[in-house]
Amino acid sequence: MSDKKQKKQSKLKARLARGFPDRSPADIRATDLMMGKIRQVYERFGFEPVETPMVEYTDALGKFLPDQDRPNEGVFSFQDDDEQWLSLRYDLTAPLARHVAENFNDIQLPYRTYRAGWVFRNEKPGPGRFRQFMQFDADIVGAPGVQADAEMCMMMADTMEALGIPRGQYVIRVNNRKVLDGVMEAIGITESAQKLTVLRSLDKLDKFAWEEVARLLGEGRWDGGKEGEGDYTPGANLTSSQIDNLRRFRDFAARVAETYFPDAARFLGKEAEVADRQYDEVRKGFSFLGESASLQDGIEELIAIHRMAAAAGYVKIGTEVEERVKLDPSVIRGLEYYTGPVFEAELLFDVTNEKGQKVQFGSVGGGGRYDGLVSRFMGQPVPATGFSIGVSRLMTALKNLGKLGASEISGPILITIMDRDRIGDYAKMAQELRTALNPLDENGQPLGPTIPVELFQGNPKDFPKQLRYADRRGSPIAIIQGGNEKEAGQIIVKDLIEGKRIAQTITDNSEWREAKAGEHLVAEAELVVTVQRILLEQASDAAIGGDA
């Protein structure tokens with residue numbers, strides 16, 4: 001075999017693992033900007049940051065994802081040198097429970113904390129579905145009252161508005177797992193695995209018609225619609241009577257969400273007895289299911305959350321009802337560890353999916369009460385509630401709304417290299433601009449957006465290549481000083497944006513050379529002020545163009 005052929009065969013193929021995305025500089029900066037706004041809201045509510053590792057002992061994470069009959073189902077797991085199973089975290093909540101339990105004596109309860117980081121799911125990737133994605137969580141540990149759950153919902157509403165999502169285009173929907181557990185108890189669903197299958201089937205109501213969900217509640221469902229067509233999903237094997245009762249629950253839950261709770265909001269603070277009658281309708285409406293202590297507890301907690309949200313202005317009271325926080329007993333959350341109120345941030349505007357269909361954008365985050373998660377380590381009750389934002393999905397939503405514009409950081413100002421022997425002069429020039437254009441306050445914090453300055457690193461003999469590089473990098477300005485300019489104590493400051501604009505109006509080469517598009521020949525001492533002036537002019541022109 002020839003050396004050339006052997007070298008070709010041994011060449012490593014560059015390929016991206018399925019479900020693990022690369023991120024561009026624009027994506028990273030946009031994400032940082034968005035997360036900064038979320039962080040401000042969280043801290044306004046008194047939450048503080050904490051960070052946990054990406055790897056935990058598998059038993060500490062717990063088996064709360066579907067189909068975890070072995071350690072590597074649903075999560076990415078491996079064994080360490082003493083044969084203990086470790087896993088990449090699949091969310092940020094289970095690691096927080098371990099952290100709280102391990103540091104319980106040093107933590108001040110209620111413990112209000114937020115975390116951001118990557119999580120990993122060993123699942124089949126698809127359009128918009130990744131094995132690695134980022135979450136941004138906030139949790140309150142040690143607060144047993146539903147006022148903590150109500151506060152989480154109100155904070156999420158504030159987060160949506162801080163990101164520029166207007167009222168009417170989002171809603172925080174709230175239910176209670178006790179209601180769902182009570183419904184299943186009332187109709188005779190008691191086995192835990194079956195209950196979980198029912199919950200996950202009902203959670204598909206935002207994607208499937210009732211008839212399809214009924215198949216999941218019964219014998220199972222084929223993706224193609226007929227036996228043997230597509231993938232098969234096993235069902236919950238409920239009886240027809242149980243399925244009918246679940247449909248009755250769904251229909252009444254819709255009436256509760258659209259009629260009784262909004263009507264109660266209209267009269268709260270005005271005619272309290274009228275509002276109370278609407279709440280009584282909710283209590284009585286589920287009576288067809290029979291008596292269930294769990295169901296009644298769940299309803300009372302929903303009513304308490306509704307009263308608090310309305311009093312705080314998150315359900316506008318008047319002739320019109322504006323529900324930023326909406327009580328909806330049909331909301332389902334798929335994770336097994338929820339024990340009380342559950343909530344979901346839903347965006348209400350339409351987008352076009354991969355099939356070209358107009359659909360509502362849907363959920364960008366959710367959470368709920370998980371009173372048993374920390375208790376697994378403690379042997380004593382430790383109440384907790386929390387919310388998780390899907391960062392990538394929310395960023396996609398903001399792009400659709402036009403709320404996530406270009407990064408505040410443009411391409412770098414480029415210091416070109418005309419004479420390799422004078423590299424020290426160019427480096428000094430670059431540092432002078434970095435310092436002057438990026439001032440810091442007395443605490444060392446930047447006073448404005450970063451303006452990067454870059455020293456060209458390629459071949460200085462090919463000057464046109466340097467300008468092509470600046471163009472590809474989106475540079476606003478190029479700095480040029482050859483031997484003649486240096487001897488005269490001058491520098492050329494080239495406005496690349498103005499140069500492009502002029503270039504669009506010139507067709508003759510001689511006219512182009514004479515125009516020296518966008519070039520300013522200035523004294524060395526005027527470098528900084530000239531660059532600052534050009535940047536201000538560019539920003540002003542961009543603002544005028546945006547208004548137009």
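This is a predicted model: local features need pLDDT of at least 70, side-chain atom pairs count only at pLDDT 80 or more; totals for chains, interfaces and linings use all residues.
Colleague: What is the order of the strands in the open sheet of eight strands?
Modeller: Helices (H or I, at least four residues) and strands (E, at least two) are DSSP runs numbered from the N terminus, and two strands pair if DSSP finds at least two bridges between them. The edge strands of this sheet, S1 and S12 (325-327), each pair on one side only. With mixed pairing, the order is S1-S5-S6-S15-S14-S13-S7-S12.

Colleague: Which residue of S5 is the bridge partner of Glu48?
Modeller: Strand S1, residues 48-49, is joined to S5 by two bridges, and these strands run parallel. One of the facing pairs puts Pro49 opposite Tyr114 in S5. For Glu48, the bridge partner in S5 is Thr113.

Colleague: How many bridges join S5 to strand S6?
Modeller: Strands of a sheet pair through backbone hydrogen bonds, either parallel or antiparallel. S5 and S6 (residues 132-141) run antiparallel, and Phe120 stands opposite Gln132 in S6. The number of bridges that join S5 to S6 is 10.

Colleague: Why is S5 largely enclosed by the rest of the structure?
Modeller: Buried here means under 20% relative accessible area, exposed means over 50%, and partly exposed lies in between, with a 1.4 Å probe and protein chains only. S5 is described as largely enclosed because, of its 10 residues, the number that are buried is eight.

Colleague: Is Glu83, with its positive phi, buried or exposed?
Modeller: Glu83 sits in the loop between strand S3 (77-79) and strand S4 (85-88). Its phi is near 65 degrees, a positive value in a residue other than glycine. With a relative accessible area of 62%, Glu83 is exposed.

Colleague: What is the relative accessible area of Asn237?
Modeller: Asn237 belongs to the loop between strand S9 (232-234) and helix H9 (240-267), and its phi is near 60 degrees, a positive value in a residue other than glycine. Asn237 is exposed, with a relative accessible area of 54%.

Colleague: Which elements do the buried residues of helix H8 pack against?
Modeller: In H8, residues 210-217, the buried residues are Trp210, Val213, Ala214, Leu216 and Leu217. They cover an arc of only 155 degrees around the axis, which puts them on the same side of H8; the arc is that of the directions from the helix axis to the C-beta atoms. Taking contact as heavy atoms within 4.5 Å, the buried residues of H8 pack against helix H7 (192-202), strand S8 (220-222), S9 and H9.

Colleague: What is the volume of the largest cavity?
Modeller: On a 1 Å grid over the protein atoms alone, a cavity is a set of points where a 1.4 Å probe fits but cannot get out, a pocket is an open set with protein on both sides within 12 Å along at least five of seven lines, and lining residues have an atom within 4 Å of a point. Grid points are joined across faces, edges and corners, and a volume is the space filled by probe spheres set on the points. H9 gives the most to the lining of the largest cavity, with three residues. The volume of the largest cavity is about 60 Å³.

Colleague: Which element gives the most to the lining of the second largest pocket?
Modeller: The second largest pocket has a volume of about 780 Å³, and of the 29 residues that line it, the closest to its centre are Ser410, Pro476, Leu535, Gln538 and Ala539. Helix H17 (496-503) and helix H19 (527-547) are the elements that give two or more residues to this lining. With eight residues, the element that gives the most is H19.

Terms used. Residues are numbered from 1 along each chain as its sequence is written. Side-chain values use heavy atoms; hydrogens and water are left out.
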